[in-house]
Amino acid sequence: MDLEEAKEFKERCTQCAAVSWGLTDEGKYYCTSCHNVTERSKEVINTGDIPNTKIQAINRGLKRKRKFEKGWDWYVCEGFQQILYQQAEALKTLGVGPELKNEVLHNFWKRYLQKSKQAYCKNPVYTSKRKATVLEDNPSHSDWDSEPDLLSDFSCPSFVESGTDSKPDGHTQKPFPISRTSQSETASICSGSLDGVTYSLQKEKGIVKMTVPRTLAFCYLSLLWQRETITLSDLLRFVEEGHIPYIHAFQRFPEEMKLYGRDKGIFAIESWPTYEDIYKKTIEIGKFLDLPRFPDITEDCYLHPNILCMKYLMEVNLPDEMNDLTCQVVKMTGIGEVDFLTFDPIAKMAKTVKYDVQAVAVIVVVLKLLFLLDDNLEWTLSNIAEKYNEKNKEDKPWFDFRKWYQVMKRSIDEKKQKWEEARAKYLWKSEKPLYHSSIDKAVVYKRREMVVNLQKQFSTLVDSVPTVEKKRPSSFQFNWTEGDSTRTCFHGHGLQGILKKKGQSLTTKNSLYWLSTQKFCRSYCKHVTTYEESNFSRSYQFIINLFSFLLRIKTSSLHEEVSLIEKRLFKAKYSKTKKKSRSRKGRK
Amino acid sequence: MSDFSEELVRSKTEDEQEESCMFSGTGMSFPWLQKHIETVATGGKKEKDFAQTTSACLSFIQEALLKHQWQQAAEYMHSYFQILEDSDSYKRQAAPEIIWKLGSEILFYHPKSNMETFNTFADRMKNIGVMNYLKISLQHALYLLHHGMFEDANRNLSHAETWRYGEKSASQEVLINLIQAYKGLLQYYTWSKNKMELSRLDKEDYAYNTAFQNMLNHSGKMSVNLCTLIQTPGVWDPFVKSYVEMLEFYGDRDEAREVLTNYAYDEKFPSNPNAHIYLYNFLKREKAPREKLISVLKILYQIVPSHKLMLEFHRLLRKSDKEDHRKLALEVLFGVLDFAGCTKNITAWKYLAKYLRQTLMENHLAWVQEEWNSRKNWWPGFHFSFFWAKTNWKEDKALACEKALVAGILLGKGCRYFRYISKQDDQVIKKKIKRIKKSVKKYSIANPGL
């Protein structure tokens, strides 16, 4: 009990009209004269200092049972908060430091609520809209419970929301007032959350609305801030493999958080996240939150191309020696510089680097430098390497592109097949079915039951061993070992056959190179190049397919990244062609 | 949010429909345009991964079935059931039938499956939606029959027979009739079993009467069950056949005749050669006049000119007094031999040889020429090549002789087939060949001027 702290609460008591408040142990205000305990709690001013306020907030909110409904009162943003919480927990079990959840993601989320005017601001959307009408309604009513619990420090306490009935009034701007009436059995449009209906109709300019895919953008932003060793493609792969809650995240909401009606459209999703989409959303949210420049990505960071290149060279079973070349390319192109790599949302052209795609693109460029990949030279070089290896069995073997291709082709085809099978077997539907309205509730439940029964019946026909064994999360998808001929490890193989000494330094034997594209699209269609597979050599196609499968991205976006690296690497060439075309235009 | 956007799309297309109505008011309508707009409205939306994976799952099941990998098919099936919960109502409604077809196939072959699992599956699938109840019931009954569960199948059909679902039952009337007819067919089975027993019993035997009574019982139900279906247009061969057999057994010839005539001649029924064959056989048993038989076979001739009854048809026509019938008799023979399947039919060749001679004897050269003109380009290669002469001679000398005679008459002495056969030095049929040579000389229509 701390009367000092309770001083700032200056409202009259609804029971005795006195202004004399104390604080209970739970942090709620109670009237010292009549001992009436309010639902209001002491505002927490410095939430940042308490690591787990977010979780506390949820707990507090959900404890209040609704009088007329089975479930709790909850807001859509609380649902997203739940998902974020789950995802943060999952990231923690994946080995990410606890600061990500407690500090970074929490602060980002708080900032989001503030920017989207849902909480931590002067006029939260939930209150301002109805204040005028409600005030004159019945000032004696004391039902405080209907604003989200995130708003622990809002400053217009006179807001009262009547629970049971709200008169239809012309003053309200919204067609569906936030009130229980929308949940009555007769209403055709309803939601389990308090603001599900309004939320799905809301289209305010300048506000980035929260969606389930955007939760991943939040996760990635925090990973980026913390410079964690998880790339975007890793994150999305973990989502697909079920290590991070996403598709079924709403199922793990507390039992009393009922989801139905419009909530279905908000929380139920039937697609996996795609790289491009989440990437775009990340930038969008970074800008919306008005975040400062992110911590520098220096050479010792995991996301630095030098390190990522090393990682992907290991992943695709290429010789370690290639790392020197990738580092050179990184240096020449300048993509390893801090200013280039660091995300700065407030910069004029906010953009972040697709670290993983870029690293892979560097490897592709290096492969082109070494082997040309014209369906000819790489095989000639392979013949030379093969002969050398036969003669010198004791020495360090030369890298044989053909052998590598054979091993990789088999492994990737196998992986791809398994991946496709696993996807085809994926169960999308939740155990608790979601329905649109009370009318189809029974039908939906019956359908669910039927599916469960059928599944049960067919599972007796399947061997007891589960076919899709859950993979342990790993940032590596392949495992190469020496000795096993199908999974030969090429890491230790040398590049002597492909490089030659020129004075002090080594250069590639192959002096030719072809550019992936000559022209870049300058229109506003947002794609830089087009990738028409059949126009390229088989080897190039294979390499592009291999890497884009590893990152689960479209082949065209990897090709685009390769072209961008080449543009930086062969600046002179490009400016020449540019000039040429210009001069040609000039002549015309 | 997807469902919400679905609503938007729907309301949009509705608006457009109104618009197109307005356009049609000016006298112009573009039905294709409406269709085009609709496909654009839905095609522009990105397909969800749910739709993508379920359709991938379907193709995995189909592939597994094709390779008889029942185990894998069952695994994928386990995941495919979720299509019953698809938010796309069109796909959701089409799903039960697909699932039933795939699932019943898997359960039919899967080593771990048994009668019980199949029955449970069928019962579950019957009750998903209303439109599949009858179809699945019928197929379930057929499955049970396949496994010799006669009683269960019968019970199943009886259940299905009484199924009603408001207005929906009207659209499924044919199915109900079909189910009843299958029930009738099962009764026919018992009936004919009884009939067999009866034939073994002595008329004086006291068991005879009860058996006869039993039969009568079944036949009564059976005729009720079969009647309705037979009257609706369609191909109902086994049902018609058993119904007629029963009618004939009880001596109700008029009813039987009416059923068969209706089945063969009602224009609403699809063209069905068997209908005419049944009628013809019935009339033959009845010893109907030749004229009547000819008229039935005439229709069969138009549908299936190569049918084996055509030779019988030829015989009937040959004996007719009418000239056009006798002309038709020749036409029919030529028609039969046009078919590759009949090239070695010795009776046909024998008839043709004999009838050609007869026709020419009666001075109906024009009839022969009329038939021959359309065939003279291809019959020599088709029937009378050197190759055929050799093989026919080797395989069937009698056939070769008949064909040689026909070839001689139609193509003249110089034709290869005739020359090859006539040159053969065979003691046994020397006389026959001689006779052929004579006939050819006399009747050959080739180069009559020479």
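Close-up 1. B:Glu312 is buried, with a relative accessible area of 18% (buried means under 20%, exposed over 50%, partly exposed in between, with a 1.4 Å probe and protein chains only). B:Lys284 counts as partly exposed at 41% relative accessibility. The two form a salt bridge, their closest N and O atoms 2.7 Å apart (a side-chain nitrogen of Lys or Arg within 4 Å of a carboxyl oxygen of Asp or Glu). This pair links distant parts of the chain: B:Lys284 sits in helix 14 (residues 273–285) of chain B and B:Glu312 in helix 16 (residues 309–319), 28 residues apart. Helices are DSSP runs of H or I, at least four residues long, numbered from the N terminus. The model is predicted, so local features need pLDDT of at least 70 and side-chain atom pairs count only at pLDDT 80 or more, while totals for chains, interfaces and linings use all residues. Residues are numbered from 1 along each chain as its sequence is written, chains are lettered from A and ligands numbered from 1 in the order in which they are written, and side-chain values use heavy atoms, leaving out hydrogens and water.

**Close-up 2. A salt bridge between A:Asp339 and A:Arg293.** Their side chains meet at 3.1 Å, N to O. A:Asp339 lies in helix 13 (residues 338–341) of chain A and A:Arg293 in the loop between helix 10 (275–288) and helix 11 (305–315), so the pair ties together parts 46 residues apart in sequence. A:Asp339 counts as exposed at 61% relative accessibility. A:Arg293 is partly exposed, at 34%.

**Close-up 3. A salt bridge between A:Glu386 and A:Arg402.** The closest N and O atoms are 3.5 Å apart. A:Glu386 belongs to helix 15 (residues 377–391) of chain A, and A:Arg402 to helix 16 (residues 401–424) of chain A. A:Glu386 counts as partly exposed at 29% relative accessibility. A:Arg402 counts as partly exposed at 23%.

**Close-up 4. A salt-bridge network in chain B.** B:Glu248, B:Arg253, B:Asp254, B:Arg257, B:Arg285 and B:Glu286 are linked by salt bridges. Over all chains, the structure holds 39 salt bridges.

Close-up 5. A disulfide is a pair of cysteine sulfur atoms within 2.5 Å. The count over all chains is zero. B:Cys401 is in no disulfide; its nearest cysteine sulfur, that of B:Cys415, is 14 Å away. B:Cys401 counts as buried at 1% relative accessibility. B:Cys415 counts as buried at 10%.

Conventions
Helix = DSSP H or I, 4+ residues; strand = E, 2+ residues; numbered from the N terminus.
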